[in-house]
Amino acid sequence: MRTATPGIERIFSWSSIDSKSRVVILVSLLLICTIPQSTGQETITGWGEVESWTDNDLNAAVIHGTNVWVFGDFGTVRYSEDNGATWHNHSALGNADLIAADSLDDSMAVLSADGIIHMMFGLDADWEKIDSGQSGINGIAVTGEQSVVIVGDKGAIWQYTDETWWNRTTTFNENLHDVAFNGDQDGLAVGDAGTILATNDGGATWDYRAAPDADSSIVSVSYFNPYRMFAVSDSGQILYSTSPGGFEWQLREIESMDYETTLATTLSSIEVVSSSRILFAGPDGYLGLSLDQGLNVERNILPAGVNTSFNDHAMFDYVVGIVVGDSGVILFTDRAGENEDIGFEIPDYNNFGEFVEYADDMLLAGFIATVKIVVFGILLGFTIGVILAMLKTAPTSFKNVLERYSTNQIRGLGAYCSVIGLWLLYTGVSRFPELQLEGLEYIFTPVGDPRGFAMFALGLAIVAISIQFILADKKLSGPLFKVRPLNSLATVYTDFFRNTPLIVQFMFIHFGLRLGMRIQQLMEGTFGDPGIDGIDYFFYGDRTFLSAIFTLGLNSGAYQCETIRGAISAIPSGQMEAGRSIGLTYLGTMRLVILPQAIRICIPPIGNEMVNLVLNSSLAMVIGYSELSRQGKLMIATTFQIFSAWGLVMISYFVVTWTLALILRRLEDTTRIPGLGISGGS
Amino acid sequence: MPEIVLSIRDLHKMYAGGVHAVRGVSFDVHEGESVAIIGSSGSGKSTVLRCINRLIEPTDGVIELRGEQINTPSADVNRVRSRIGMVFQSFELFAHLKVVDNVTLGLRHVRGMSKDEAEKVALEVLGRVDMLERVDAYPGNLSGGQKQRVAIARALAMMPEVILFDEPTSALDPELIGSVLQTIRGLADEGMTMVIVTHEINFARDVADRIVYLDHGQVAEEGPSSIINDPKTERLQKFLSSMHEDEVPEAIEKELVDGNTGYGYVPDGKGAGPRVR
């Protein structure tokens, strides 16, 4: 005795699979899981670690002429003459930590933690020492041949020019962390409490700029040009200003972080290398790169074994440069630090791995799209098929409908209909001249208003029918009353859909009737705008999707109708009599007695029909629905891998249809009635 | 005289091909009475029976159930049918449903009972036809006699005012007939109103209170069951004598069942009924 199990378990249940099949399934799953990742395009780091010959923390890096210099704790100095690939030792500049550096033209200045500034005027010149006499200085900027600006705690700003120190400290006494100049006049200083100060006279006077976030501690600023100013806070915010002089600052809503205003990591340095490219550095091994002014920030992969705090960049241009960090780490890049898969390699699609790398997303999208229309198409098609089959087998004739009315009522109806019919005939005929037909040979020429013909034909039909109504006798014996209207309706439908090509139906329904658009508008009116994702977009966001479902469903319904009708005819008429004899209605007997048996009989041919529907769904490409075949075409357009693309598409179709066939086979087994029919088993 | 349950007046049925199968049949069925309709093949017995619950629409005539005409377009045919049980020659059990579900289907979907209530009633009637041990079987796995008893239970469960039997035993093997006839006889003893179309002359004589003999679509003779022993009309006499020719003598039947092949026929449960040359 089979116990009834609910839902999907009737079709698939693990416990009902024999042990051999279980082993096959498990091995297949294992094989799928252990397929190695394609190596066509792996992501590797754009940074390479170079030997710095020191373990001291490196705090600052600066380009000076064709050389690049780095400075670190205990006066450590290293320089490179080949863009940072190899490094040379340089005698220490004092014993104090070197914490910041800057250069302008041929001048370079290094800030020491004890307030001493080491300067080099001219390339390959000697170091000169200038004592600022200050402590708690954090940032330095070179503003001219013999001038620098330094900023520090409690709002301290000092300007060195004409061999003299000037105190430019303003009333804003928050700690300042960084200062940056564009040329020798325009500068920015940033610090705690969102402080941004700007100068346009080389650092003599400073103005306060409104902070977009008064709680952030701005740690680094970059003045790229008068329209591109960027800063970062230690809480990961990116601040930017595009107004000349930096009057207005805003927090970047970072697209790659779902429009949050923080990168969710601590930042220590920003380096703007072109009008759109920005490099970020932070503690805990954070290196970031944005190609679009901070809208999208991608975290850079680090070389193996490197996980230090990064302090400063020095870039020759947007491609070549270095970044320095704690423990003497210097990373060198000659590809802008980008992870290597970002567009610097031309994929070779002849390599199957790389082709798959490119094609798998498209194939998956097409697969899902196909499954979507197939599932809905099958549901719709089966429903329509059952309804049509019931209409076709319905015994209701005009006589059944009309026999409860008196003869006079029927004649009255006939008279009323004949008036309508004659009016339609008259209107239709009077419109014939509008067709501007000049002879029978022009009958297919689409000029004028074809509705005239339609009204004429309809009128003729109604008059013919109403004449029979008028002539009706008491027994309703006229030929019209034997007509089964439901059957006729279904016959017209199935004949029409079975005798026209599916591809034409697709185009007629989508472009001619614009069914998808109409349904979409209807749904929009009811449920609102579908947006770009979510459940509402899934159902009515794509009008080709709606058209495809309906075309497939309507077409398949016409074919399934005949199959189901055949199965209904195969049920002995006694079953209907038995159902009716216990008082069930015709529809009740259909639903409870006939259809449950008929559907069981026609599962094999219906399965055929459903497989056909899957295969026919490929024609949805003609209306622009992006199902598997269309995706295949698009894949070829980019990769030219015709064999592989169509091969994969074909396999995908096979997966869908074969799964469907297996489900139906299983359904057939589980719904088989014991002791009924020749089944060759069970 | 008990109340008249079913009254048939001047019933005519003309089939589409022009065959006039029933020509003015009239008879009454009283409360608690069992009426057997006998007659040769093609005499219109089954047509009359099917006209009663309108599986066939009569061409003319009046059929009344407890004084209310039921063959008008305005009569609720489904309600009428739920008051009249029907048992078919070929059982017509719903093959996709278990025995118990066959019986509960009408109770649940016509009478509107809950599943539990319906099953209670179903088990009760299945007990009456002695089918309790097969309630979870599918009809395909039952023998013919068991099927027919389930069909009787299905009709009984609806608490009909009258049950129509359309040759209930003629599709059964001889050794299976007994249990079905026993069941019907039990119903008659309980006072169920029944109309039985049958070939079993002996059974008609034993069970039926009244016999209606149809010939060529007309009632040729009608009377108490004694008319079988003592037919008044020549036509019935002829019919009965032809029936007796077909009947298997008791002694031979015993040998048939025991498997004596000397008679050219062994009842293996698949062939037609036994015939002796």
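Which residue in strand 23 of chain A is the bridge partner of A:Val272? I looked it up: A:Ile278.

I noted the ground rules. This is a predicted model, where local features need pLDDT of at least 70 and side-chain atom pairs pLDDT 80 or more, while totals for chains, interfaces and linings use all residues. Residues are numbered from 1 along each chain as its sequence is written, chains are lettered from A and ligands numbered from 1 in written order, and side-chain values use heavy atoms, without hydrogens and water.

**The hairpin.** Strand 22 and strand 23 (residues 278-282) of chain A run antiparallel, joined by four bridges; pairing takes at least two DSSP bridges. They form a hairpin with five residues between them.

I then checked the side chains of strand 22 (residues 269-272) of chain A. A:Ser269 and A:Glu271 point one way, A:Ile270 and A:Val272 the other. All are buried, that is, under 20% relative accessible area with a 1.4 Å probe, protein chains only.

**The whole chain.** I found 15 helices and 28 strands in chain A, as DSSP runs (H or I, at least four residues; E, at least two). Of its 682 residues, 46% count as buried.

I looked up the radius of gyration over C-alpha atoms: chain A has 40 Å, whereas a compact globule of 682 residues would have near 26 Å (rule: 2.2 Å times the number of residues to the power 0.38). The C-alpha trace spans about 125 × 70 × 50 Å along its principal axes.

Definitions and conventions
Buried means under 20% relative accessible area, exposed over 50%, partly exposed in between (1.4 Å probe, protein chains only).
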